[in-house]
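Please read the points below with the model open beside them. They follow the order in which I would look through the chain.

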Amino acid sequence: MKERSLRELFPLTGQEKIMKKIYESGKRELLETPLSFESYRKLAEDDPELPDMREHYRSTTFSGYGITLEKKGIYADRGDVDLGMHERYAFPIIHNHAFFEIIYVYSGTCVNYIGETSVEMKAGDVCFLAPDTMHALAAVHNEDVVMNLIVSRDAFEHFFFGMLREKNLLSDFFKKVLYDKAVAPFLLFPAGEDKKLRGFWRDMYLERRNRRFGFEECLVLYARLMFIWLIRNYEMMAVVPGSSNGGTDRHIVAMLGYIAANYRKVTLRELAEFFSYNESYISRMLKQHTGKNFNEIVSDLKVDHARKLIEMTDLSISRISQEVGCFDSSHLSKKFRKRYGISPKEYREKINR
C-alpha cells in the first residue's frame, strides 16, 4: 500500500497529533519508556500540559488503578472477538488484560515491552499475549499502524489451540508458553509481507470502523480465517521467549514440529544434525521448554498416535505397534500402560463397551 493510501486509511487522530507535538518537543524518552500507572499519575499531576488519560485508565480497568483492562470503551462487550487500534505517540503505560490480545503490526514498527523482555516488532509480525500478561507498547512514528484483536479465553482455546495440526505436542507446548508465569508469556509469528494475512486484518479494521449490519459476526469469521492462515503457513515459525536469559528461542517450535512429523524413527543425532546443534544443547533446550527429554517426547507421540489408531481403526495391536514405530506389541503395551494406566488391548475393550 502506498504511503498516501496509508495516510488516508489510518490518519492521525486529534489526540495523536497532540501527542506527536509532545514527542517532538524533546520528550521522546517519555513516550518510548514503559511507565507504571502510578508513575504516569504523578507525571500528569506535575505537568498540567500533558494530556490527562488517568480517568480513561480508571474507567476501563477492573480495579480503577489502570492495571487490568476489561472489555469497555473501544473494547465494548460484543462477544468473543473485538478489534481496536493502538494509538501512535501514546504513553506506554504498563497494563494487562482479562482476555487474550493478538497484536499485529500492519505497517511500520513498534516495541512491545513484555515483562522484562523487550520485543521489537516489525510490519507483518503477529504477537499473542496471554491474559494477565503485563506489557506496554511504544509506537512513535506516523507509519506505525498497530492493531489489537481481543479474544475471550474460551474463543481463543477453540479458535487457535483447537486448530493446531499437532494438537498433542504443539498445543500442549503453546499452552505452556502462554500460561507459564515463570517467563514473559507470548508467541511471536514473523509473517513478513504476507498480503493475504494483511488483508484479513485490513478487512477486520474496516468492519469495525464501518459497523455495518453483522459486523460482529464478520469479525469472528475474519479472525478464524486469520488463525487458519497463520497456522497453515507459520505454525512452525513461532518465536517463544527464552526462560533464562530473557531472549527468544527461534528454533524450538520447528524442532517440535520436526519430531512430530518424524516421530516413528527420528533420533536425537538426526535432529541435532538437521538443526546444526550439538545433541547436549538440544536436550537441554527441549527439557527447558517442555519439561520432557527427547525420548519422553517421542514416546508420548508414539503412544498418543497409537491411541488414535485404536479409537479410529480396527487394526490389530501388533500392526498399530509397527505403524507408530515400536518394535513389537509388548514394547507398545509397556509405553501405553505407563502413560494411560492400562494396556492397548484393555483400552480397546473399554471404548468398545
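**Notes on helix packing and selected residues**

1. Helices H10 and H12 are roughly perpendicular to each other. Their axes cross at roughly 100° and come within 11 Å. H10 covers residues 252-261 and H12 covers residues 279-290. This is a predicted model, and the values below should be read as such.

2. The contact between these two helices can be listed residue by residue. From H10 come Ile-252, Met-255, Leu-256 and Ile-259, and they meet Ile-282, Met-285, Leu-286, His-289 and Thr-290 in H12. Sorted by class, the contact of H10 with H12 has seven nonpolar residues, two polar ones and no charged residue.

3. Leu-256, in helix H10, deserves a separate look. Leu-256 counts as buried because its relative accessibility is 0%, and the cut-off for buried is under 20%. Leaving aside residues up to four places away in sequence, Leu-256 touches Leu-169, Leu-170, Phe-173, Leu-286, Thr-290 and Ile-297. Leu-256 and Thr-290 are 34 residues apart along the chain, and their C-alpha atoms are separated by 9.7 Å.

4. H12 also packs against helix H11. The axes of H11 and H12 come within 9 Å and cross at roughly 100°. H11 is therefore roughly perpendicular to H12. On the H11 side the contact is made by Leu-268, Arg-269, Leu-271 and Ala-272, and on the H12 side by Glu-279, Ile-282, Ser-283 and Leu-286. By class, the contact of H11 with H12 has five nonpolar, one polar and two charged residues. Ile-282 and Leu-286 of H12 are listed in the contact with H11 and also in the contact with H10.

5. Ser-276 sits in the loop between helix H11 (268-275) and H12. Its phi is near 60°, a positive value in a residue other than glycine. Is Ser-276 buried or exposed? Ser-276 has a relative accessible area of 65% and is therefore exposed, the cut-off being over 50%.

6. Arg-211 is another residue with a positive phi, about 50°, although it is not a glycine. Arg-211 lies in the loop that runs between helix H8 (195-210) and helix H9 (215-234). With a relative accessibility of 42%, Arg-211 counts as partly exposed.

7. Helix H16 spans residues 344-351, and its buried residues are Pro-344, Tyr-347 and Arg-348. These residues cover an arc of only 100° around the axis, so they lie on the same side of H16. The general rule behind such a pattern is that an α-helix has 3.6 residues a turn, so residues three or four places apart point the same way. The face of H16 turned away from the buried side carries the exposed residues Lys-345 and Lys-350.

8. What covers the buried residues of H16? The cover includes helix H13 (294-312), helix H14 (317-323) and helix H15 (329-340).

9. Leu-83 is placed in strand E2 and counts as buried, at 2% relative accessibility. The C-alpha atoms of Leu-83 and Leu-149 are separated by 4.5 Å, with the two residues 66 residues apart along the chain.

10. Ile-94 lies in the loop between strand E2 (81-86) and strand E3 (96-97). Its relative accessibility is 29%, so Ile-94 counts as partly exposed. Ile-94 and Ser-36 are 58 residues apart along the chain, and their C-alpha atoms are separated by 5.2 Å.

11. For the protein chain overall, there are 16 helices and 12 strands. Of the 353 residues, 49% are buried. Among the contacts with a separation of 6 or more, 68% are between residues 24 or more positions apart. The accessible surface comes to about 17700 Å², and 50% of that surface belongs to carbon and sulfur atoms.

How values were computed: Residues numbered from 1 in each chain as written. Predicted model: local features only at pLDDT ≥ 70, side-chain atom pairs only at ≥ 80, totals over all residues. Heavy atoms only, no water. Axes fitted to C-alpha atoms, helices over the stretch in contact; angles between N-to-C directions. Helix = DSSP H or I, 4+ residues; strand = E, 2+ residues; numbered from the N terminus. Parallel < 35°, antiparallel > 145°, perpendicular 65-115°, else oblique. Contact = heavy atoms within 4.5 Å. Nonpolar A, V, L, I, M, F, W, Y, C, P; charged D, E, K, R; others polar. Buried < 20%, exposed > 50% of the residue type's maximum accessible area, 1.4 Å probe, protein only. Arc of directions from axis to C-beta. Areas by Shrake-Rupley, 256 points an atom, 1.4 Å probe, with all protein chains shown as cover.
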